[in-house]
Amino acid sequence: GERAGMPSLGAVGYLMQSAPDVDTALGILRTSLQAHDRGAVVTLKREGSYVALGYANLESGLESSDQIHATAISVGMSLLRGLCGSHWRPYDVQFAFAAPRDIAQYRKFFEAPPRFDAARSALVFPSHWLARPLPSADPFLHRLMRDRVNEMLVVNDDDLVAQVRRFLRTEAMSAVCSLEVIARHFGMHSRALSRRLAKYGTSFQRLRDEVRFDSACQFLRNTRLPVNEIASTLGYADGSAFNRAFRRWVGTAPAAWRIHNARDS
């Protein structure tokens, strides 16, 4: 993570580097990461006077997912220092996994106390940094790289399901996430999206349930978050609703599943 920079992201990195400001660069990272890495998503959430740059895996059950998250957030740290200057520091550093035995390297690199067992892996920093203009801004290079990245991001029927799953991974916990919202994101009517998903034997509700289940398993396996907090994070009204849904998925309660599947600490 310390050695990573925007060039390590290929065309996406050069598109970020040539952007006019930090806000545009991070927006590119959020919307275009799949051109470089189809196994994860980046989120960018504005929270009052702060903004959170987050990272999440798309696959559940990955070995060493804590190391993957730690590396990704470290890369994010390097990217933000590249965009904002070496004096940039995060306000908060969060990891969606249990604390390792030794956190000295985390403290040293991030220069901020890390928080483990969080609901997300993210870097939180004051939102005023988003307006910072980039000295590397290059309109001509930006147009060239935008065309290149757009070619890499063309959605066709073969990867529509993966694209919907990716979108759900960042929005499924939102109360406003719906078939209509996703259809608008892909520029089509909700009925058309339903037909195209049905062609591949799935549906919006099935994909949303799959994403929620994958997220639930990641929280249960990798963190010590209480089950009620996980339920709230996933958008359930209460722990009972989450318990019922989880039992439908695997036939056992989340607490029991956690005992048999939690990663070694």
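The structure is a predicted model, in which local features need a pLDDT of at least 70 and side-chain atom pairs count only at pLDDT 80 or more, whereas totals for chains, interfaces and linings use all residues. Residues are numbered from 1 along each chain as its sequence is written, and side-chain values use heavy atoms, with hydrogens and water left out.

Two strands are said to pair if DSSP finds at least two bridges between them. On this basis, five strands form an open sheet of mixed pairing, in the order β1-β2-β5-β3-β4. Strands β1 and β4 are the edges of this sheet, since each of them pairs on one side only.

Within the sheet, β1 and β2 run antiparallel and are joined by eight bridges; K45, for instance, has A52 in β2 as its bridge partner. The hairpin of β1 and β2 has two residues between the strands, and in this hairpin G48 takes a positive phi near 65 degrees. Strand β2 also runs antiparallel to β5, to which six bridges join it, and here V51 is partnered by F125 in β5. Strand β3 (residues 92-94) is likewise antiparallel to β5, with three bridges between them, and V93 has L123 in β5 as its bridge partner. Burial was judged by relative accessible area, with buried meaning under 20%, exposed over 50% and partly exposed in between, for a 1.4 Å probe and protein chains only.

Charged side chains were examined next. A salt bridge is counted where a side-chain nitrogen of Lys or Arg lies within 4 Å of a carboxyl oxygen of Asp or Glu, and by this rule the model has eight salt bridges. One of these is formed by E47 and R120, whose closest N and O atoms are 2.7 Å apart. This pair links distant parts of the chain, with E47 in strand β1 (residues 40-47) and R120 in the loop between β4 (114-115) and β5 (121-126), 73 residues apart. E47 is partly exposed because its relative accessibility is 34%, and R120 is also classed as partly exposed, with a relative accessible area of 26%.

A salt bridge is also found between the side chains of E111 and R81, at 3.0 Å from N to O. Because E111 lies in the loop between α4 (104-110) and β4, and R81 in helix α3 (residues 65-84), this pair ties together parts that are 30 residues apart in sequence. The two residues belong, together with R89, to a network of salt bridges. In contrast to these links, R148 and E151, with closest N and O atoms 3.6 Å apart, are separated by about one helical turn, because they are three residues apart in helix α5 (residues 139-152). R148 is partly exposed at a relative accessible area of 42%, while E151 counts as exposed at 55% relative accessibility.

Backbone angles were considered as well. Most residues other than glycine have a negative phi. Although it is not a glycine, E111 has a positive phi of about 55 degrees, and this residue is partly exposed because its relative accessibility is 42%. D117, in the loop between β4 and β5, has a positive phi of about 55 degrees too, although it is not a glycine.

As to helix packing, axes are lines fitted to C-alpha atoms, for helices over the stretch in contact, and angles run from 0 to 180 degrees between N-to-C directions. The axes of helix α9 (residues 204-222) and helix α12 (residues 254-261) come within 9 Å and cross at roughly 60 degrees. Helix α9 is therefore oblique to α12, given that angles under 35 degrees count as roughly parallel, over 145 as roughly antiparallel, 65 to 115 as roughly perpendicular and the rest as oblique.

Finally, the cysteines were searched for disulfides, defined as pairs of cysteine sulfur atoms within 2.5 Å. The search of the whole structure finds zero disulfides. C84 is buried, with a relative accessible area of 0%, and C217 counts as buried at 4% relative accessibility.

How values were computed
Helices (H or I, at least four residues) and strands (E, at least two) are DSSP runs, numbered from the N terminus.
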